[in-house]
Amino acid sequence: MPDVLHYPRIELDRSLSAQQLKLLRIVAEAVGTRQMPLYLVGGFVRDLLLHIPATDFDLIVEGDAIALARALAAQYGGRVTAHVRFGTAQWFLPDPDGPALDFISTRSETYKNHGDLPTVKPSRLTDDLARRDFTINTLAIRIDGEHWGELRDDLDGLNDLERGLVRVLHSKSFLDDPTRLYRAVRYEQRYGFQIAPETLNLIPPALHLIASLSAERLRHELDLILEEEQAVAMLNRLAELDLLQPVHPALAWDDKKRERLINGLRRARDYPIKAVSFSAGKSFLKWHFWLMDLASTDINSLERRLHFHSKLFGSLLASSAMSIDFPSLAGLKPSQCVKRLEGLPLTAVYAVFLSVPDGEVRKNLHNYLETWRHIKPKTNGHDLKKRGLPPGPRYQQVLSRLRQARLDGEVKTEIEEMELLDILTKLV
Ligand code: ATP
Ligand code: MG
């Protein structure tokens, strides 16, 4: 009996967008002439079967992925970047707005020591699926030639997907790669699944290996978690499974932090501030809500474990300092607030604004973010020069005094500003 009858078929034509189909057909055709089995795998297949719109194709070929990507680029244009060591290639389509396609040669992975990065060797599909994290990520759909749409479920992933279970493939999985502990929680909470009971039992014996994970890998997993919509539920679960303390003792999660994160995100939706959200990224603010009540010594110590990006680190330190002395921002004139806040990262000011209770401080922070920081006098250095003021430190003093007057409402119009400027320049 031909292969094709052994496998159930997924109705790709009904599940994918016209653009996705067109692209896959092109790739499948190019492969068809080369006799290389080609599969969609991993997250794309998982989400497709869950009827969740999936965007990133994960494509693997039993054969030379780099040669395939190059052949496609030669025929259809675009360019290819290849990593010969890993047998992976990326094909950037000629359309600059179009997607980039990742091609991976099927490979097996073995771990010399627990927690090390794996040794990679070319292999068949089955071995490639066996190196993966959870059964729900091992489903593959073959798309070359007459195999279009065949579902490969070598490791019983469909069953777990239907039952909503996150299950590792073997009992040493978390020991081989403890980042999977965090990935398990992420998938469980993202889809409202459960970590399978046998898999849950494998967590405590792996906790001691979290210490051996590099800063980059660990932070990457935490970033991915914070980027998720269900970040709060994921943090709850991480704490419940004791997956935070082993990262660092300061990385606690409690009711106060949870409330700050939930309320902070809600307020961020109510008070979007363009310049800030733009630079904030998806996980950036959440890191603040989580850590801003820590002392700067703890943030410094966490930085040594997680190697935050310098921008995030600076902003976290500023938000920690502000969280302690924010009450002192009450009873100040606008110019005094500006003096205190200017020079601090906007993201820190924004995070504190979103976290402090309703009242004068909140109002001051809001005014600073929305209005005060933009208020400048009409006069500039050029005008002072025209007035014959000799260049020097006096320029700065005059301009700051004018700004202060503008901020505090002492001068409201250009004429009033000129009057004050007359007085100030006569004092020279
Ligand atoms: P997401 O929706 O989070 O992107 P994904 O399944 O696409 O989910 P990726 O991180 O993009 O996840 O990885 C692609 C595939 O690579 C996964 O489906 C999984 O099979 C495999 N994978 C990723 N990380 C690991 C890991 N640490 N151990 C084993 N397999 C992994
Ligand atoms: Mg993915």
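Helices here are DSSP runs of H or I with at least four residues, numbered from the N terminus. With that in hand, welcome to a walk through this structure, which is a predicted model.

**A loop between two helices**

His-307 is found in the loop between helix H14 (296-306) and helix H15 (310-325). Its phi is positive, about 45°, although His-307 is not a glycine. The relative accessible area of His-307 is 36%, so this residue is partly exposed.

You will find Asp-156 in the loop between strand S9 (150-152) and helix H6 (157-163). Its relative accessibility is 43%, so Asp-156 counts as partly exposed.

A further positive phi, near 60°, belongs to Asp-242, which follows H11. Helix H11 itself spans residues 231-240, and its buried residues are Ala-231, Val-232, Met-234, Leu-235, Arg-237 and Leu-238.

**The ligand and its shell**

Now let us turn to the ligand. Ligand 1 sits in the largest pocket. There, 15 residues surround ligand 1, and the closest are Arg-46, Arg-132, Asp-177, Arg-180 and Arg-190. What is the make-up of this shell in nonpolar, polar and charged residues? The residues divide into 1 nonpolar, 4 polar and 10 charged.

Two helices, H3 (42-49) and H8 (179-191), each supply at least two residues of the shell around ligand 1. Helix H8 gives the most, with 6 residues.

Some atom pairs are worth a look on your screen. A nitrogen atom of ligand 1 lies 3.1 Å from a backbone N or O atom of Asp-133. At Asn-137, a polar backbone atom is 3.4 Å from an oxygen atom of ligand 1. The side chain of Arg-180 has an N or O atom 2.9 Å from a nitrogen atom of ligand 1. Taken alone, ligand 1 exposes 590 Å², and the protein buries 72% of that.

Is Asp-177 buried or exposed? Its relative accessible area is 9%, and buried means under 20%, so Asp-177 is buried. The side chain of Asp-177 makes a polar contact with the side chain of Arg-217, at 3.1 Å.

Which side chain makes a polar contact with the side chain of Thr-379? That partner is Glu-417, at 2.5 Å. Lys-378, for its part, is 35 residues from Thr-413 in sequence, and their C-alpha atoms are 9.5 Å apart in space.

**Pairs across the chain**

Two further residues round out the tour. Leu-72 is found in helix H4 (residues 65-76). Its relative accessibility is 0%, so Leu-72 counts as buried. Lys-426 has its place in helix H21 (residues 414-426). With a relative accessible area of 68%, Lys-426 is exposed.

| Pair | Apart in sequence | C-alpha to C-alpha |
|---|---|---|
| Lys-378 and Thr-413 | 35 residues | 9.5 Å |
| Leu-72 and Leu-291 | 219 residues | 47 Å |
| Lys-426 and Val-168 | 258 residues | 79 Å |

Note on methods:
Residues are numbered from 1 along each chain as its sequence is written. Chains are lettered from A and ligands numbered from 1 in the order in which they are written. This is a predicted model: local features need pLDDT of at least 70, side-chain atom pairs count only at pLDDT 80 or more; totals for chains, interfaces and linings use all residues. Side-chain values use heavy atoms; hydrogens and water are left out. A residue is near a molecule or strand if one of its heavy atoms lies within 4 Å of it. A polar contact is a pair of N or O atoms within 3.5 Å; within protein, one must be able to donate a hydrogen and the other to accept it, and residues adjacent in sequence count only if both atoms are side-chain atoms. Accessible areas come from the Shrake-Rupley method with a 1.4 Å probe; for residues, only the protein chains shown count as cover. On a 1 Å grid over the protein atoms alone, a cavity is a set of points where a 1.4 Å probe fits but cannot get out, and a pocket is an open set with protein on both sides within 12 Å along at least five of seven lines; lining residues have an atom within 4 Å of a point. A molecule sits in a cavity or pocket if more than half of its atoms lie within 2 Å of its grid points. Ala, Val, Leu, Ile, Met, Phe, Trp, Tyr, Cys and Pro count as nonpolar, Asp, Glu, Lys and Arg as charged, and the others, Gly among them, as polar. Buried means under 20% relative accessible area, exposed over 50%, partly exposed in between (1.4 Å probe, protein chains only).
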